[in-house]
Amino acid sequence: MIRKLLRKVFRRAATAVNPEPALIPVAQHGIRREQLSPVARKVCTVLQENGHKAFVVGGAVRDLLVGHPPKDYDVATSATPEEVRALFRRSRIIGRRFKIVHVMSGSETIEVSTFRASQDAEATETDEHGRVLRDNVYGSQAEDATRRDFTVNALYYDPTTEHILDYHHGVADLKQKTLRIIGDPRTRYREDPVRMLRGVRLGAKLGLTLDPAARHPIREMASLLENVPAARLFDEMLKLLFSGYSVKCLQQLREEGLHHGLLPLLDVILEQPMGERFVWLSLENTDDRVRQDKSVSPGFLFATLLWHEVLANWDARKRGDEHTQPALFAAMDEVLEAQAGKLAITRRIVGDIKEIWALQPRFEKCTGKAPYRLIEQPRFRAGWDFLRLRAQSGEIPMALPEWWERFSHAGSDAREALLAEAPGTGEAPERKRRRRRRKPSEAGAGAVADAS
Ligand code: ATP
Ligand code: MG
């Protein structure tokens with residue numbers, strides 16, 4: 001009884017609504033409306049002209065304040081989803097956990113959500129761990145601010161006045177490079193364990209330090225992630241891997257004790273006896289590409305994460321006298337079958353992964369007509385990028401991707417000359433050495449050689 005009462009009191013305290021936001025003028029924060037996407041601005045103006053409140057909120061405001069180009073735009077409004085839908089021709093209501101509206105213009109999609117009521121509203125449905133399952137109760141802007149996860153994410157920018165409405169001292173926290181949870185961290189993690197992952201990702205991406213009060217409970221509460229649906233975890237892991245700071249994020253997750261058994265994808269990444277170097281190279285490569293605004297694909301990244309398992313399986317089959325190509329396909333299927341369900345990899349991604357893997361043995365044929373056919377393949381470039389990573393990690397000789405680079409760019413005479421001097425396709429010395437060490441009959445000799 002007393003415990004129940006205490007919990008109620010703490011819950012109230014944890015989600016206390018601050019009705020009076022600080023009003024920060026543009027002279028202080030420096031974000032001009034021209035820096036925003038024109039579509040996000042338009043969405044706000046149309047809503048405001050129709051008598052609703054509307055602000056750009058969340059990641060975009062936060063990112064602009066620290067000088068990061070925003071990835072996408074979220075708008076918060078007093079209009080209901082149906083009212084929003086009626087104002088924009090290209091829009092649709094989508095409802096997964098919450099009902100929100102996607103407003104489309106050109107290639108941009110703005111996510112518009114209605115102000116939400118405080119968490120302790122009666123209608124909130126939770127599971128036995130306190131995780132919020134469903135609530136669609138609309139509330140005031142101040143209540144909406146309380147529902148957001150971090151203080152730096154509860155900033156509302158009005159493109160008309162260029163003011164920021166700051167409900168939880170987010171601007172000050174951002175200046176101090178602190179990521180602080182709104183309310184009681186334990187309660188907030190219980191409501192939605194994914195916030196632990198968001199904290200790590202946003203901290204790494206923006207160079208913010210997770211406030212100790214938010215950091216401490218993570219280790220002990222990590223197991224709550226087990227109750228989160230696999231598809232949502234997968235989405236969050238994708239965001240993390242493509243944040244441009246995946247290496248930093250993964251190191252941080254490991255430090256916080258957030259990997260073991262909780263995030264199957266992370267286990268694959270962190271527990272690679274053979275492919276460790278390759279996987280980290282691939283993650284660094286992905287980070288560089290994201291930061292240079294180059295395209296990245298989940299298929300390519302997952303192909304690298306699982307490649308060394310495929311290699312081991314393929315090698316075993318080849319030793320068992322299976323032919324190269326069928327052995328590779330059988331190995332691919334076996335590895336994907338074992339992993340795909342656990343990782344919630346979508347079917348489209350599986351298709352991309354297979355395409356990249358299937359091209360690899362074709363890079364070994366540097367004579368006759370085969371190279372001409374290979375460079376015409378639509379996925380040649382992805383396949384070649386993958387080949388180069390393999391060489392960088394020491395699995396195959398660098399001469400092979402270099403030869404293909406020259407061949408693909410050469411004129412027809414030069415190509416004939418290149419065909420005459422095709423590189424050997426043997427294994428790189430490092431891989432040979434490693435493979436030899438794994439043979440049980442030579443384990444002793446390998447150990448002696450290592451020690452000397
Ligand atoms: P980014 O878009 O860079 O990943 P973001 O903070 O914009 O970061 P979104 O997923 O786009 O992330 O969410 C938009 C806003 O919605 C957040 O800034 C935050 O205010 C709120 N939000 C998102 N996820 C949660 C959550 N799990 N709990 C509470 N608030 C959330
Ligand atoms: Mg966002």
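**Notes on the model**

1. Helix H9 gives the most to the shell around ligand 1, contributing 4 residues. Helices and strands here are DSSP runs numbered from the N terminus, where a helix (H or I) has at least four residues and a strand (E) at least two. Please keep in mind that this is a predicted model, in which local features need pLDDT of at least 70 and side-chain atom pairs count only at pLDDT 80 or more, while totals for chains, interfaces and linings use all residues. Residues are numbered from 1 along each chain as its sequence is written, chains are lettered from A and ligands numbered from 1 in the order in which they are written, and side-chain values use heavy atoms, with hydrogens and water left out.

2. Now for the chain as a whole. The protein chain has 23 helices and 12 strands. Of its 452 residues, 50% are buried, where buried means under 20% relative accessible area, exposed means over 50%, and partly exposed lies in between (1.4 Å probe, protein chains only). Contact means heavy atoms within 4.5 Å; among contacts between residues at least 6 apart in sequence, 66% join residues at least 24 apart. The accessible surface of the chain is about 22300 Å², with 51% of it belonging to carbon and sulfur atoms. Accessible areas come from the Shrake-Rupley method with a 1.4 Å probe, and for residues only the protein chains shown count as cover.

3. Back to ligand 1. It has 17 residues around it, and Arg62, Arg148, Asp192, Arg195 and Arg201 come nearest; a residue counts as near if one of its heavy atoms lies within 4 Å. Polar contacts are pairs of N or O atoms within 3.5 Å; within protein, one atom must be able to donate a hydrogen and the other to accept it, and residues adjacent in sequence count only if both atoms are side-chain atoms. Ligand 1 exposes 580 Å² when taken alone, and the protein buries 85% of that. Helix H4 (59–65), helix H9 (194–206) and helix H11 (230–241) are the elements that give two or more residues to its shell.

4. Which residues are the protein donors of the magnesium ion (ligand 2)? They are Asp72 (OD) and Asp74 (OD), lying 2.7 Å from the ion. Donors are N, O and S atoms within 2.8 Å of the metal (3.2 Å for Na, K and Ca), and water is not among the atoms, so sites may look incomplete. Asp72 is partly exposed at 37% relative accessibility, and Asp74 is partly exposed at 23%. The side chain of Asp74 also has an N or O atom 3.3 Å from an oxygen atom of ligand 1.

5. Leaving aside neighbours within four places in sequence, Gln360 contacts Trp307, Gly383, Phe386, Leu387 and Arg390. The buried residues of H17 include Ile356, Trp357, Ala358 and Leu359.
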